[in-house]
Amino acid sequence: MQTYSALGGGKLRRMRRMFAADGRAVFVAIDHAAYMGEGPPLGEPMSQIASGKPDAVLATWHLARAYADVFASAGLVLRVDGGSSELGDMPQSDVNDIMHLPEQALRIGADCLVVLAFPGAPDEDLSLKRLARLTSECEQLGLPVMAEMIPGGWGRAVPWTMQNVARAARIGAELGADIVKTVCPGPTEEFAEVIAACPVPVVALGGPKSESEDDVVALAKGVVAAGGAGVAFGRNVWGSPQPEKLVARLREAVHGS
Ligand SMILES: O=C[C@H](O)COP(=O)(O)O
């Protein structure tokens with residue numbers, strides 16, 4: 001199991017706001033509407049997600065503020081990259097600005113910031129340098145950074161093999177990320193290769209809505225069995241007719257209770 005004892009006090013406390021005593025977490029991603037499709041429905045569905053007791057939510061600036069009370073018991077990961085959307089010419093890899101500064105993020109209660117990075121993409125230097133700049137800045141504030149490491153970018157300029165995912169995860173950690181979020185591109189047993197390569201907690205992202213919630217839960221179980229620190233699932237959770245139940249099932253899969 002990963003421990004955070006080497007981190008400074010601020011980071012340690014914020015990591016504990018997201019990760020339970022077992023070192024694992026269920027993150028629910030609700031940031032999609034800023035860049036991808038309609039995103040999660042507002043209002044009551046947000047309360048339903050919260051009722052399932054996710055360890056943390058991964059949110060946009062708006063949702064972090066508007067649902068601060070609803071998600072008061074959950075950690076907050078704030079998406080700070082962006083600047084393009086599906087309505088425009090959404091890039092496959094090249095990198096937009098940091099939209100919200102770390103000090104501003106602290107003011108609205110963020111426990112962690114998240115940005116994408118695309119090692120292996122033709123313009124990899126842009127996202128890797130951005131990640132490194134952000135982690136150095138956040139170090140001064142005791143604010144953890146989650147790196148969403150996508151080998152080759154969404155256009156898959158390099159194939160999503162387990163080896164490439166492992167390399168991407170390690171690169172994220174080397175550039176200062178405290179948590180790596182990435183894809184599990186094959187059988188979950190093989191995800192152990194990614195965990196072995198990466199010295200910080202790794203959580204798996206979910207991807208498009210699955211036909212079967214049992215498959216979603218099985219993915220979470222498999223990731224944890226392979227040594228992963230949990231999951232960061234979005235569409236499958238807020239696209240569920242009963243998000244509260246699914247979050248509770250994911251908790252069971254990740255924490256065993
Ligand atoms: O932050 C956004 C997530 O990576 C998307 O989550 P999802 O792929 O499970 O919908």
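A: Start with a definition: the radius of gyration is taken over C-alpha atoms, and the globule rule is 2.2 Å times the number of residues to the power 0.38. With 257 residues, a compact globule would have a radius of gyration near 18 Å, and the chain agrees with that at 16 Å.

Q: Where do the coordinates come from?
A: This is a predicted model, where local features need pLDDT of at least 70, side-chain atom pairs count only at pLDDT 80 or more, and totals for chains, interfaces and linings use all residues. Residues are numbered from 1 along each chain as its sequence is written, and side-chain values use heavy atoms, with hydrogens and water left out.

Q: What box do the C-alpha atoms fill?
A: Roughly 45 × 40 × 40 Å, taken along the principal axes.

Q: And how many helices and strands?
A: The chain has ten helices and eight strands. Both are DSSP runs numbered from the N terminus, with at least four residues (H or I) for a helix and at least two (E) for a strand.

Q: How many of the residues count as buried?
A: 51% of the 257 residues. Buried means under 20% relative accessible area, exposed means over 50%, and partly exposed is in between (1.4 Å probe, protein chains only).

Q: Give me an example in a strand. Where is Ala-29?
A: Ala-29 lies in strand S1, residues 25-29. It counts as buried, at 5% relative accessibility.

Q: What is Ala-29 in contact with?
A: Leu-58, Phe-233, Gly-234 and Trp-238, leaving aside neighbours within four places in sequence.

Q: Now a loop residue. Is Thr-60 buried or exposed?
A: Thr-60 is buried, with a relative accessible area of 15%. Its loop runs between strand S2 (56-59) and helix H3 (61-66). Not counting residues up to four places away in sequence, Thr-60 touches Asp-31, Ala-34 and Leu-78.

Q: Switching topic: how many aromatic pairs?
A: The count comes to three. Rings of Phe, Tyr and Trp (its six-membered ring) pair if their centres lie within 6.5 Å; planes under 30 degrees apart count as stacked, over 60 as edge-to-face and the rest as tilted.

Q: How are Phe-19 and Phe-27 arranged?
A: Their ring centres are 5.6 Å apart and the planes are at 75°, so the pair is edge-to-face. Both Phe-19 and Phe-27 are buried.

Q: And Phe-118 with Trp-154?
A: That pair is edge-to-face because the planes are at 70°, with the centres 6.4 Å apart. Phe-118 lies in the loop between strand S4 (112-117) and helix H5 (124-141), and Trp-154 in the loop between strand S5 (145-149) and helix H6 (162-174), so the pair ties together parts that are 36 residues apart in sequence. Phe-118 is buried at 5% relative accessible area, while Trp-154 is partly exposed at 35%.

Q: Which residues form one aromatic cluster?
A: Phe-118, Trp-154 and Trp-160.

Conventions: Contact = heavy atoms within 4.5 Å.
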